[in-house]
Amino acid sequence: MKSTDTDKSDHSILLIDQCEVLQSHVAGCLRDHGYDVHVTGDVEEGRSYWQQKQPEVVICGASAPDVDGLELLRDIKAGDTDTQVIMISGAGGMEEVVKALRLGATDFLVDPVSDPEVLLHAVKRALEEYELILQNKRYREQLEETNRELKNSLRLLKEDQEAARAVQLKMLPPTSKKYGNIQIEYEIIPSLYLSGDFIDYFSLGPGRIGFYLADVSGHGASSAFVTILLKTMANRVKQQHRNSERDGLLPAQILKKANQDLLPLGLGKHLAVFCGYIDCNSGKLIYSCAAHFPPPILVTEGKSVALHGKGLPVGIFDEVNYENQQVNIGKEFHLVILSDGILEVMPQNSVAEKEQYLMEIISKGIHNVGELADHLGLHTKEVVPDDIALMTVSCSGAESA
C-alpha cells in the first residue's frame, strides 16, 4: 500500500504497519482528532521518514514478516532524538511487550486496536513525554548557556580584579623602608582578592615622616577603589605641603580635606584612618584619628601607651573637625598600628581582652610586622573574615650609615 499523508498539524505521527485495516482505523482516528499522520507498511521507508522528519511519535508493530519493530525501536532510542515509540503487539505477545518496554517504548497497544480512547490516551501520553523531554532539553541548554555566560563573567571579573590588584599594589609603597634611623614596615592581608585597607608613608624633608593607615568600610573591589582615590588625595596634599613650614602638614587638616573631597562623590563608603607625622628633630609625633580602632600602641622610654583619639569616620558627615594630638617619642620608640580586622581573628572573647593582649605582647618586645603576624597566627590562616593591615614605625636611636 502506498503511503499517504495529510496537511500538517501541531503534532506529527508516523504509523508503520502492514495491516491495511489497522492503518485505516488508527490513522483515521488520529486524523479525526487533528493529528498529522504519515502511514507506511514498509519499515525501511518508515526508518527513512523518521530520520528525515523526526516525528514526535512513532506507532509500530512489534513484529511482522517484513516489519521488525523492535529493531527500529533500538535505532530510534540509540539516536539523538526525542521521538516516542508506541508498539503494537498481538494478543498474548507479552515477551515482545517486555522487550519493548525495556528498550524504551513509551507504551504498547494490543492488536486489534479497537478502542479509540485507548489509542488516543497512549498517543497523548507519548506527546506529553515528548514535550517534557523537549522542555528539559531546553532547560539544560538554557542552563548551559547561563553557565557559559557566568564563566565568561567570572573570567572578566577575575581579569578586572587582577588589573585592579596590579594598580593597587603599584600604588602601595615598599613593605619596608628606612629613612635615616626611622624604620617603617607593613603587611596587608586581604580577605578577598583586593583590600579595603591601605597604607602609605612618605618623607616630607629632612627628619620629617608622614604616614597613614586607612580602613575602608567593607572589602573587595569597591573598597579598593576608594583606597586608590585616597592615594591620589594624599599625593596632592603631600605636594602642597612638601616645602611648607614644619607645622604645615597637620594630620587633622589632611583628614578634613579628605572628608570634603569624598562626600560629594556619594560612594557610600567611609574610612577609619590613623594619620601621623613624625618630626625626628623635635622628637614629636603628631597624629589624628578618624574612628580608627584598635588604638595604636606606642612604646618609648620603657613604657607602652595606647594612642586613643576622637574623630568621626571620613566620608559620612559634613563639617567635621579632627583633632591633632602630640606625644613625645624620644630617641628610641616603636609605634604599632593595626586595622580592626585583627580583632576578628583573635581568640579572646571580648574586645577589651583583645586590646589588653595586644598591649601585653607589644610591651614584651614584639614590635616588628613579621613577629606580630607570626605571633597572632596570621600566616597560617587561609582565609580571614576582614582585611588586616599591620604597620610599624620604629627608631633605633642611632642612625645607620
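These legends accompany a few views of a predicted model. Residues are numbered from 1 along each chain as its sequence is written. Local features need pLDDT of at least 70, side-chain atom pairs count only at pLDDT 80 or more, and totals for chains, interfaces and linings use all residues, while side-chain values use heavy atoms, with hydrogens and water left out.

View 1. Helices (H or I, at least four residues) and strands (E, at least two) are DSSP runs, numbered from the N terminus. Of the 401 residues, 45% count as buried, meaning under 20% relative accessible area with a 1.4 Å probe, protein chains only.

**View 2. The largest cavity has a volume of about 120 Å³.** A cavity is a set of points on a 1 Å grid over the protein atoms alone where a 1.4 Å probe fits but cannot get out; lining residues have an atom within 4 Å of a point. Grid points are joined across faces, edges and corners, and the volume is the space filled by probe spheres set on them. Twelve residues line the largest cavity, and Leu-230, Ala-234, Ile-254, Leu-255 and Ala-258 lie nearest its centre. Two or more lining residues come from each of α6 (221–241), α7 (251–262) and β12 (271–279).

**View 3. Helix α3 (residues 69–78) has buried residues to look for.** They are Gly-69, Leu-70, Leu-72, Leu-73 and Ile-76. These residues sit on the same side of α3 because they cover an arc of only 155 degrees around the axis, taken from the directions from the helix axis to the C-beta atoms.

Note on methods. 1 Å grid on protein atoms, 1.4 Å probe; cavity = no way out; pocket = protein on both sides within 12 Å on 5 of 7 lines; lining within 4 Å. Buried < 20%, exposed > 50% of the residue type's maximum accessible area, 1.4 Å probe, protein only.
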